[in-house]
Amino acid sequence: MAKVEIAPLRNWDDFCPSLERFARPDTRDLAKWNNRVVSNLLYYQTNYLVLAISVFLVVGCLHPVSMFTGAAVVASVFIGSVWVGENKAIIKQFKKENPALFVFLGIVVSYFLMSLFGGVMVFLHGILLPLILIFAHASLRLRNMKNKLENKMESAGLKKSLMGIILEALGQQEENLNKIQDFLESKLKE
């Protein structure tokens with residue numbers, strides 16, 4: 001198993017090039033759209049981390065207590081959903097069959113818990129805004145050859161990154177790993 005590596009910070013021209021490298025995803029082909037999002041999340045993960053931290057710090061300076069509470073709630077829901085998804089068979093099966101819905105439900109639960117604490121607006125601005133920006137970029141940014149090569153290395157297990165571990169915990173990479181495993185097994189049989 002490969003050790004966890006930190007992905008390099010991609011330069012600005014690669015992260016936000018001219019408009020011809022952005023396109024609306026095909027909403028009729030959810031598998032292709034999901035593949036684009038996962039690929040971009042893996043390739044630009046350090047840039048997304050810098051973006052999220054920047055927005056988080058700006059909002060955190062304006063509302064520190066509410067921001068801390070929001071971060072604690074989201075972290076608790078994430079850790080709890082990963083634990084339940086691994087230890088409860090029915091939830092594990094649901095997560096495997098509906099990974100995007102599983103993540104969406106985690107966001108809804110976080111929102112509900114934040115509404116109990118009265119910090120919904122801070123949650124929306126500090127935590128959800130970076131997620132929306134990241135998802136929008138990952139959905140709209142077209143992949144390049146370097147991106148595709150990095151993702152193949154990640155999914156084949158030659159490289160391991162923090163985003164890869166998170167996506168795996170959310171059930172977003174199991175399908176890719178199964179396809180590669182099936183391919184390798186078929187080659188070994190020949």
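Modeller: Of the 190 residues in the chain, 32% are buried (under 20% relative accessible area, with exposed over 50% and partly exposed in between; 1.4 Å probe, protein chains only). This is a predicted model: local features need pLDDT of at least 70, side-chain atom pairs count only at pLDDT 80 or more, and totals for chains, interfaces and linings use all residues. Residues are numbered from 1 along each chain as its sequence is written, and side-chain values use heavy atoms, without hydrogens and water.

The chain has 10 helices and 2 strands (DSSP runs numbered from the N terminus: helices are H or I, at least four residues; strands are E, at least two).

Now the core. The largest nonpolar core has 11 residues: Phe 15, Val 37, Val 38, Leu 41, Leu 42, Tyr 43, Tyr 44, Tyr 48, Ile 134, Ala 138 and Met 163. Such a core is a set of buried Ala, Val, Leu, Ile, Met, Phe, Trp, Tyr and Cys residues joined through side-chain atoms within 4.5 Å. Helix 2 (30–43) and helix 7 (120–140) each supply at least two of its residues. Helix 2 gives the most, with 5.

Take Phe 15. Beyond its neighbours within four places in sequence, Phe 15 contacts Phe 22, Tyr 44, Asn 47, Tyr 48, His 137 and Arg 141 (heavy atoms within 4.5 Å).

Arg 10 is in the loop between strand 1 (4–5) and helix 1 (12–15). Its side chain reaches the backbone oxygen of Tyr 43 at 3.0 Å. Arg 10 counts as buried because its relative accessibility is 10%.

Methods:
Polar contact = N/O pair within 3.5 Å; in protein donor to acceptor, adjacent residues only side chain to side chain.
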